[in-house]
Amino acid sequence: MDFRTIVDIPDPGFRIGPCEELLFVGSCFATEIGRHFQEEKFRATVNPFGVMYNPASILHTIERWDTASCKVVFLTLGTNHVYRLKETGEIVDNCQKRPSYLFQEEELSVEVCTEYLEQSVKMLRQRNPDVSIVLTVSPIRYRKYGYHGSQLSKATLLLSVERLIAQNSSLSYFPAYEIVNDELRDYRFYKEDMLHPSNQAVEYIWQRLSETYLSDAARAFIAEWQPLKAALNHKPFDASSAEYKAFMDKTMLKVEELQKKYPNFAL
């Protein structure tokens, strides 16, 4: 007897290798998942110009970010709400604590969200035709819009992503939003604010993502890296003791062996 639904994750058609170069752009959920990749020693760049919540701001990061060597890009959409500076009409990525009367809040339509995402995809592929792009919608709700308004915002983003993928089947979608809302639909999987997924929920999403997106070689690397990571993070009672120095010498020898096996691996 099943007591919960399991969200199916579409095969992306590619796999992420060990220590590959990745880019994460989007909401704070992108930051959470990107950090997991960084901890496992993937060469992940996470929101290089700050957290970006809407498709327009995500495009702004892609325009400014000029590195073309990454293999996989994750774009995480948080909201379709944007803020325009009344003086110039430009969409700002951060209000920088300036008075609210300087800005006009707007909601982007499905069509406009899709246009911004199309531009981001086009720009990434102009720089690297072989880049793999993953779209995802953040499961974090926005209380300030009202819960119904937050759902409408997410629906706009989901429709935009669906439209974009229908036009370009080489894009992939990772269902983080669906996993939290359909598999983990219990408040024990949220932080105290009852809006953000808990560490346990993020860990589960990382597990589901790893199962689908990581290559066998990447999973093998992580298995070798885990005990070394634990050893390096160990806090001794006496860091000056001979026992601890011998322990660290042995650990660093194992690190050097791992670096020889995986040339892109670096502490």
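**Sheet, cores and cavities**

Strands β3 and β7 (residues 132-137) pair in the parallel sense over six bridges. The model described here is predicted. This briefing covers the sheet, the nonpolar cores and the cavities.

**The sheet**

**The nonpolar cores**

- The largest nonpolar core is made of 41 residues.
- Inside this core, the residues with the most contacts are Ile16, Phe37, Phe174 and Tyr213.
- At least two residues of this core come from each of the strands β1 (21-26), β2 and β3, and from each of the helices α1, α5 (176-183), α6 (199-213), α7 (216-233) and α8 (242-261).
- Helix α6 supplies the largest share of this core, with seven residues.
- Another core lies apart from the largest one; it has 30 residues, including Leu75, Val82, Leu108 and Tyr173.

**Phe174 and its contacts**

- Leaving out residues up to four places away in sequence, Phe174 touches Ile9, Val134, Leu135, Thr136, Ile179, Ile205, Arg208, Leu209 and Tyr213.
- One of these contacts, Tyr213, is listed with Phe174 among the residues with the most contacts inside the largest core.
- Two others, Thr136 and Leu209, line the largest cavity, as does Phe174.

**The cavities**

- Two cavities of 30 Å³ or more are found in a search of the whole structure.
- The largest cavity has a volume of about 60 Å³, and its lining consists of Phe24, Phe29, Ala30, Ile33, Phe74, Thr76, Thr136, Phe174 and Leu209.
- Two elements, α1 (28-39) and β3 (72-77), each give two or more residues to this lining.
- Of the elements, α1 gives the most, with three residues.
- Sorted by class, the lining of the largest cavity holds seven nonpolar and two polar residues, and no charged ones.
- The second largest cavity has a volume of about 30 Å³.
- Trp65, Thr67, Ala68, Cys70, Leu124, Arg127, Asn128 and Val131 line this second cavity.
- The lining of the second largest cavity has five nonpolar, two polar and one charged residues.

Definitions and conventions: Residues numbered from 1 in each chain as written. Predicted model: local features only at pLDDT ≥ 70, side-chain atom pairs only at ≥ 80, totals over all residues. Heavy atoms only, no water. 1 Å grid on protein atoms, 1.4 Å probe; cavity = no way out; pocket = protein on both sides within 12 Å on 5 of 7 lines; lining within 4 Å. Points joined across faces, edges and corners; volume = space filled by probe spheres on them. Helix = DSSP H or I, 4+ residues; strand = E, 2+ residues; numbered from the N terminus. Nonpolar A, V, L, I, M, F, W, Y, C, P; charged D, E, K, R; others polar. Pairing = 2+ DSSP bridges. Core = buried A, V, L, I, M, F, W, Y, C linked by side-chain atoms within 4.5 Å. Buried < 20%, exposed > 50% of the residue type's maximum accessible area, 1.4 Å probe, protein only. Contact = heavy atoms within 4.5 Å.
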